Amino acid sequence: MMVHGTIKASPRRSDYKESPRQWIVFEKMNNFIVEGGGTINGNGRPWWRNSCKINRSLPCVGAPTAVTFDNCLNLRVANIRIKNAQQMHLTFQDCVNVKASNLRVIAPEKSPNTDGIHVTGTQNIQIMSSLIRTGDDCISIVSGSKNVRATDIICGPGHGISIGSLGKNKAEDEVSDVVVDRARISGTTNGVRIKTWQGGSGYAKNIKFQNIIMHNVTNPIIINQNYCDQSESCPEQPSAVQVNNVVYKNIRGTSASEVAVKLDCSKTFPCNGIVLQNVNLVREGETKAKASCQNVRLASTERVSPLCQ
């Protein structure tokens, strides 16, 4: 399929009554290519205005994902621009063997829940040479995803590159064999993040973040095994999604906050096999940054600043 010119979504929310969570969907396609240099415009502003994150008096309801690939095999998506999605921009769901390259995914920094590329239940996916500037995660990787490789990514603004959230509502979630290599992350709330809820089970394991430059990132390196999205504290749970064998290598840049490395892990299932190698993060303005580490088993550290005490 060749996309030329611009495909623009209807601004009328009532047009989505039959499919309120999806706009353009490719389902059960094998050996399929989408390219062409054109633009897919989700025309998301009517949805953003009615989001509970923008207007807290409104109920929280989902909005459509602009482009969804569902249960596809041997898929290539290249040279496409996706902008102003109603909610998420591009989702790969339960796909196998995906190459996504030379994508431009763009939405305003304040647009709610506008993840750039969302990977769920997908195996053997490469995301390459892409620019992502949105109001939420540049790339989000969630349960059932395995062998995910993201290389040469420009990210920001947004919420960074995230694995998770995992384990919500006591779910068993699994993500493994993820590599993020050569990325520039600027002006984001997080840099590289692993996010899990208490009470869940499963694992996030065999993960490598390497060759990454950060600029003015609020949480450059963060593992949060005690994620809680409510104002009052969440009750402590006896189970957790286990976080094992995570490597941070050749990461440098500036933090917008004092705590540049935050590893907040579970008392019951501490983070295990964490490697920090050649990490140099300073506070924006070149003042000294700090590391905060709880319930972490470090496998090795080499040339790391700031370092957990």
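Mentor: Buried means under 20% relative accessible area, exposed means over 50%, and partly exposed lies in between. Keep that in mind for this predicted model.

Trainee: Is D152 buried, exposed or partly exposed?

Mentor: D152 has 32% relative accessibility. The in-between class runs from the 20% cut-off to the 50% cut-off. So D152 counts as partly exposed.

Trainee: Which residue forms a salt bridge with D152, and which strand holds that partner?

Mentor: The closest N and O atoms of the pair are 2.8 Å apart, and the partner is R182. D152 sits in strand β14, 30 residues away from R182 in the chain. The pair links distant parts of the chain, with R182 in strand β16.

Trainee: Which residues join D152 and R182 in one network?

Mentor: Some salt bridges share partners. Through them, D152 and R182 are joined with R149 and D181.

Trainee: How many residues apart in sequence are the parts tied together by K290 and E258?

Mentor: K290 and E258 form a salt bridge, with closest N and O atoms 3.2 Å apart. K290 lies in strand β23, and E258 lies in the loop between β20 and β21, so the pair ties together parts that are 32 residues apart.

Trainee: R303 forms a salt bridge with E302. Is R303 exposed or partly exposed?

Mentor: E302 has 37% relative accessibility and counts as partly exposed. R303 has 53%. The cut-off is over 50%, so R303 counts as exposed.

Trainee: How many salt bridges does a search of the whole structure find?

Mentor: The pairs D152 with R182 and K290 with E258 are salt bridges. The search of the whole structure finds nine.

Technical notes:
Residues are numbered from 1 along each chain as its sequence is written. This is a predicted model: local features need pLDDT of at least 70, side-chain atom pairs count only at pLDDT 80 or more; totals for chains, interfaces and linings use all residues. Side-chain values use heavy atoms; hydrogens and water are left out. A salt bridge is a side-chain nitrogen of Lys or Arg within 4 Å of a carboxyl oxygen of Asp or Glu. Helices (H or I, at least four residues) and strands (E, at least two) are DSSP runs, numbered from the N terminus. Buried means under 20% relative accessible area, exposed over 50%, partly exposed in between (1.4 Å probe, protein chains only).
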